[in-house]
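Reader: I would like to go through this structure term by term. For each label, please give the value and the cut-off behind it.

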Amino acid sequence: MASGASTPPYPSAARISDSQCYPQYTASLKCLEENNSDKIKCQEHFDIYKECKKKERLARLERNKTRSLFS
């Protein structure tokens with residue numbers, strides 16, 4: 001039977017903690033906690049996280065494109 005500890009052949013972002021954007025994600029949540037869920041005060045954190053996720057997605061698409069060229 002396969003072990004759950006095996007490493008996938010590519011970076012996984014199936015879990016938020018595996019994402020390169022995890023620090024931005026946690027900073028957004030911390031901001032909300034510290035500001036009584038006032039989203040306006042945390043907008044800068046949301047924008048930074050959104051930009052990070054956009055870059056992460058583009059990198060994943062590029063990796064997939066490169067893989068399909070060599071398949």
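Author: Let us start with Asn36, which lies in the loop between helix 1 and helix 2. Helices are DSSP runs (H or I, at least four residues), numbered from the N terminus. This is a predicted model, in which local features need pLDDT of at least 70 and side-chain atom pairs count only at pLDDT 80 or more, while totals for chains, interfaces and linings use all residues. Residues are numbered from 1 along each chain as its sequence is written, and side-chain values use heavy atoms, with hydrogens and water left out.

Reader: Why is Asn36 called exposed?

Author: Asn36 has a relative accessible area of 72%. Buried means under 20% relative accessible area, exposed over 50%, and partly exposed in between, with a 1.4 Å probe and protein chains only. The value of 72% is over 50%, so Asn36 is exposed.

Reader: What is said about the phi of Asn36?

Author: Asn36 has a positive phi of about 50°, although it is not a glycine. Ser37 lies in the loop between helix 1 and helix 2 as well, and its phi is near 60°, again a positive value in a residue other than glycine. Ser37 has a relative accessible area of 55%, so it counts as exposed.

Reader: Cys42 is in the loop between helix 1 and helix 2 too. Is Cys42 buried or exposed?

Author: Cys42 is buried, because its relative accessible area is 0% and the limit for buried is under 20%. Cys42 and Leu32 are 10 residues apart in sequence, and their C-alpha atoms are 6.5 Å apart in space.

Reader: How many salt bridges are there, and what makes a contact a salt bridge?

Author: A search of the whole structure finds 3 salt bridges. The term requires a side-chain nitrogen of Lys or Arg within 4 Å of a carboxyl oxygen of Asp or Glu. Side chains of opposite charge can pair when their charged atoms come close.

Reader: How do you know that Glu34 and Lys30 form a salt bridge?

Author: The closest N and O atoms of Glu34 and Lys30 are 3.9 Å apart. That is within 4 Å, so the pair meets the definition. Both residues lie in helix 1, 4 residues apart, about one turn of the helix. Glu34 is exposed at 55% relative accessible area, whereas Lys30 is partly exposed at 49%.

Reader: What makes the contact of Lys53 with Glu56 a salt bridge?

Author: The closest N and O atoms of Lys53 and Glu56 are 2.9 Å apart, and the limit is within 4 Å, so the contact counts. Lys53 and Glu56 both lie in helix 2, 3 residues apart, about one turn of the helix. Lys53 is partly exposed, with a relative accessible area of 28%. Glu56 has 10% relative accessibility and therefore counts as buried.

Reader: And which residue does Arg15 meet in a salt bridge?

Author: The side chain of Arg15 meets that of Asp18, at 3.0 Å from N to O. Arg15 is exposed, because its relative accessible area is 53%. Asp18 is partly exposed at 32% relative accessibility.

Reader: Why is the pair of Tyr25 and Tyr49 called tilted?

Author: The structure holds 2 aromatic pairs. In the pair of Tyr25 and Tyr49, the ring centres are 5.9 Å apart and the planes are at 50°. Rings of Phe, Tyr and Trp (its six-membered ring) pair if their centres lie within 6.5 Å; planes under 30 degrees apart count as stacked, over 60 as edge-to-face and the rest as tilted. The distance is within 6.5 Å and the angle falls in the rest, so this is a tilted pair. The pair links distant parts of the chain, with Tyr25 in helix 1 (residues 22-34) and Tyr49 in helix 2, 24 residues apart.

Reader: Which residues form the aromatic cluster?

Author: Tyr22, Tyr25 and Tyr49 form one aromatic cluster. Tyr25 is partly exposed, with a relative accessible area of 28%. Ile48, found in helix 2, is 23 residues from Tyr25 in sequence and 9.0 Å from it in space, C-alpha to C-alpha. Ile48 is partly exposed at 43%.

How values were computed: Helix = DSSP H or I, 4+ residues; strand = E, 2+ residues; numbered from the N terminus.
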